[in-house]
Amino acid sequence: MRRSFWVWLHRWAGLTMAGLLIVVGLTGSLLAFYPEIERAINPQFYPAQPCAAPLGPGELAARLETARPVLRVTAVTIEGNQGATLAAVKAAPGAPALTYDNVFLSPCDGSVLFERRFGDLSQGLTNLMGFVYRLHYELALGKVGIWILGICALIWTLDCFVALYLTFPIRRRRPISNAADAAPGKSWLARWRPAWKVRWSAGPTKLNFDLHRASGLWLWPALLVFAWSSVYMNLWDTVYTWTTRAVMEFHAPWTTFTPRAERLETPRLGWREAEQRGIALMSAAAQTEGFTIERPIALRLRPEWGTYEYRVRSSLDLQDKRGITRVWFDADTGMQRLLLLPQGQYAGNTVTSWLFALHEANVFGLPYRIFVSALGLVITMLSVTGIIIWLKKNRAGRFSRKRRRSNA
């Protein structure tokens with residue numbers, strides 16, 4: 001295809017995504033430091049004193065349901081994004097609707113520290129970072145926003161390759177008339193080299209173009225990683241799964257379990273029994289697979305599949321915080337249904353673990369988190385400079401057409 005087609009495609013793909021990428025870039029820049037910002041805004045989420053022997057997720061869930069019969073716990077996470085102990089809840093059958101869906105617990109005794117509806121700004125500043133997260137993940141629009149950003153991420157992924165191609169030097173089609181062009185040093189790489197540079201002393205038009213092109217080139221691998229990992233975040237059960245399984249082995253609960261005809265809301269295993277079963281299954285897996293368990297992370301009931309998910313941090317986890325070493329088991333019988341390890345088990349799962357950790361800035365420590373925060377600003381800058389390039393070309397095109405008409 002002619003180069004002009006790819007220019008047209010890149011231009012309109014960029015314009016389509018620009019507003020969305022500005023939102024995603026700015027919110028992502030903040031989310032790289034989610035724990036610190038959340039802790040500064042909401043110190044009430046954390047116990048005054050650290051616990052010598054924190055309670056497990058099953059015990060915390062059981063205590064909360066006993067203390068508040070009007071609710072049902074769906075999950076308890078020992079280390080949420082902000083490092084607090086968090087229970088996700090919903091109203092019990094027959095009970096009135098709750099005004100909250102998150103309950104922050106003391107890991108020492110299970111007492112309630114705070115409650116909120118995640119991301120609801122009407123409840124005040126306490127939900128600021130939750131709202132930022134919802135903007136980043138779903139444009140604060142629920143499933144519609146997830147699909148919009150998922151499609152945007154897919155276009156972004158494909159456009160990464162188009163943008164890279166457009167930085168390549170134009171193939172010569174005419175005889176060389178310039179002696180400098182005929183010089184041996186003017187290889188393909190030599191002609192590509194200017195694309196990597198920013199002419200800081202040039203006029204605003206050239207500077208804007210250089211910032212757009214050179215920034216995209218220098219950060220191209222990172223941009224591709226974040227584009228494709230965004231596909232995973234939003235289109236995990238469709239496009240991402242289909243593509244990954246086409247080239248490598250990939251297993252996930254949504255590829256393994258069939259939704260039940262009727263959701264299992266009241267399983268035979270209570271929270272305490274489920275925690276003990278999860279501990280037993282994970283300990284057996286550790287012995288079989290040769291890893292060590294560091295600490296529990298979460299216990300979650302999945303009524304649509306009739307399973308519990310027990311999650312720990314293990315020696316196989318590559319993230320700086322939290323962990324995704326997981327086992328699923330039948331919520332009635334306790335029979336193991338699925339074991340997924342962060343790495344070394346299936347190639348597709350190992351790649352996914354890295355994509356997830358890189359996207360969440362949860363690997364390589366503080367330097368990488370600073371990089372991710374800065375990358376969010378660069379993504380915003382690329383969108384803005386792209387819009388400016390289009391505006392200038394569009395204005396120049398209108399002027400040229402007007403002049404041709406006047407000369408006709």
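Q: Where does the charged end of Arg39 sit?
A: A charge sits over a ring if NZ of Lys or CZ of Arg is within 6 Å of the ring centre and within 35 degrees of the ring normal. In this predicted model, the charged end of Arg39 is over the ring of Tyr46, 3.8 Å from its centre. Arg3 likewise has its charged end over the ring of Tyr165, at 5.6 Å from the centre.

Q: What should I know about the numbering and the model?
A: Residues count from 1 along each chain as its sequence is written, and side-chain values use heavy atoms, without hydrogens and water. The model is predicted: local features need pLDDT of at least 70, side-chain atom pairs count only at pLDDT 80 or more, and totals for chains, interfaces and linings use all residues.

Q: How many aromatic pairs are found?
A: Rings of Phe, Tyr and Trp (its six-membered ring) pair if their centres lie within 6.5 Å; planes under 30 degrees apart are stacked, over 60 edge-to-face, the rest tilted. The whole structure gives 26 aromatic pairs. One of them, Phe45 with Phe114, is tilted, with 5.5 Å between centres and 50° between planes.

Q: Which parts does the pair of Phe45 and Phe114 tie together?
A: Phe45 lies in the loop between helix 2 (34-41) and helix 3 (57-67), and Phe114 in strand 4 (residues 112-116), so the pair joins parts 69 residues apart in sequence. Helices (H or I, at least four residues) and strands (E, at least two) are DSSP runs, numbered from the N terminus.

Q: Is Phe45 buried or exposed?
A: Buried means under 20% relative accessible area, exposed over 50%, partly exposed in between (1.4 Å probe, protein chains only). Phe45 is buried at 1%, while Phe114 is partly exposed at 26%.
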